[in-house]
Amino acid sequence: MSLIAEQLSYRVKDRLLLDNVSLSATAGELHAVLGPNGAGKSTLLRLLSGEWAPSSGKVLFDGRPLHQWAPQALARVRAVLPQRETLNFSFTAEEVVALGRLPHRAQEPALEQAIIDAAIATAGVSHLSTRQYPTLSGGERSRVQLARVLTQIWQAPAAPASRCLLLDEPTASLDLAHQHHCLQIARELSKQKVAVLAVLHDPNLVLAYADRVTVLCCGQVVASGVPTEVLTPALLSRIYGIPVQVWEIPDSGQRWIQAQTHA
């Protein structure tokens with residue numbers, strides 16, 4: 001199973017926001033999309049999710065064009081965590097998480113509640129369950145929204161279609177510990193044969209968690225492949241416009257990326 005973008009372009013009037021972009025998110029891997037501000041990352045995710053229609057090219061999910069999927073059938077196997085949300089109803093955090101179950105046919109109430117409880121626990125927001133959602137901090141809201149999309153694809157479907165999770169900057173409002181917790185969850189899902197695609201800003205998080213990375217700049221793919229091979233000082237310096245060094249961490253096999261600043 002995979003989510004495939006084939007030569008996607010997106011134009012608004014005379015401005016080309018995305019230009020001939022191709023990539024695939026495959027079941028069993030965490031695929032990161034990285035690039036500077038304005039590179040086209042969120043535009044790409046909106047096209048992959050079906051929120052926007054491409055000006056040219058196509059998106060295939062499980063071998064079928066995205067537009068051929070019935071919305072409810074797609075929602076049972078594909079969840080999207082947007083970069084921003086505007087929910088201001090006085091729901092509790094648990095009620096917000098339960099919204100992820102709406103695409104599914106009603107099951108035994110005890111089973112539905114067990115799925116909701118498990119997703120809440122996985123996202124580490126059990127202590128927020130009874131809080132009014134609008135009173136939560138930005139980071140707490142992000143974690144509750146993560147629990148919501150987890151409930152949406154918690155169960156593997158009986159049909160041949162597998163599951164897919166799209167995350168648009170899921171770590172943006174999170175502190176250091178919760179950034180890693182979020183991506184640990186995403187990586188664990190990928191091991192459960194879920195195709196996970198995450199838009200990220202931090203190349204060190206890409207190195208730590210992604211199996212594959214696609215780098216965008218100015219609406220185009222400039223590199224794609226294994227993060228340790230793709231994220232070179234030359235590439236990162238070019239796309240971010242600042243000198244970048246990649247360090248080897250002794251005795252760990254890991255790498256660390258650092259911008260070179262001058263006092």
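1. Leu236 is buried in this predicted model. Its relative accessible area is 1%, and the cut-off for buried is under 20%. The residue sits in helix α9, which covers residues 233–240.

2. What does Leu236 touch, once neighbours within four places in sequence are set aside? Its contacts are Leu34, Leu231, Gly241, Ile242, Val244 and Ile257. Leu45 is another matter: 191 residues separate Leu236 and Leu45 along the chain, and their C-alpha atoms are 22 Å apart.

3. Now the cores. The largest nonpolar core has 39 residues. Leu165, Val196, Val206, Val213, Val215 and Leu231 have the most contacts inside it. Helix α6, residues 176–191, supplies the largest share of this core, with 5 residues. A second core is separate and has 26 residues, including Leu3, Ala5, Leu18 and Leu74.

4. Leu231 links two of these points: it is in contact with Leu236, and it is listed among the residues with the most contacts inside the largest core.

5. Not counting residues up to four places away in sequence, Leu165 touches Ala79, Val149, Ile153, Leu189, Val194, Ala195, Val196 and Leu197. One of these partners, Val196, is also on the list of residues with the most contacts inside the largest core.

6. Which strands make up the open sheet, and in what order? There are 4, ordered β2-β1-β4-β5, with antiparallel pairing. The edge strands are β2 (15–26) and β5 (64–65), and each pairs on one side only. Strand β1, residues 2–12, pairs with β2 over 8 bridges in the antiparallel sense. Within that pair, Arg11 stands opposite Leu16 of β2. As background, strands of a sheet pair through backbone hydrogen bonds, either parallel or antiparallel.

7. Next, the hairpin. It is formed by β9 and β10, with 2 residues between them. Strand β9 spans residues 212–217 and β10 spans 220–225. They run antiparallel and are joined by 5 bridges. Leu216 stands opposite Val221 in β10. In the turn, Cys218 has a positive phi of about 55°.

8. Last, the surface. Trp247, Ile249 and Trp256 form a nonpolar patch there. Together they have about 310 Å² of accessible area. Ile249 belongs to strand β11, residues 244–249. Is Ile249 buried, partly exposed or exposed? Its relative accessibility is 33%, so Ile249 counts as partly exposed. Patch residues need over 30% relative accessible area, and Ile249 has 33%.

Definitions and conventions
Residues numbered from 1 in each chain as written. Predicted model: local features only at pLDDT ≥ 70, side-chain atom pairs only at ≥ 80, totals over all residues. Heavy atoms only, no water. Patch = residues over 30% accessible without salt bridge, like charges linked within 9 Å, V, L, I, M, F, W, Y side chains within 5 Å. Areas by Shrake-Rupley, 256 points an atom, 1.4 Å probe, with all protein chains shown as cover. Salt bridge = Lys/Arg side-chain N within 4 Å of Asp/Glu carboxyl O. Buried < 20%, exposed > 50% of the residue type's maximum accessible area, 1.4 Å probe, protein only. Core = buried A, V, L, I, M, F, W, Y, C linked by side-chain atoms within 4.5 Å. Contact = heavy atoms within 4.5 Å. Pairing = 2+ DSSP bridges.
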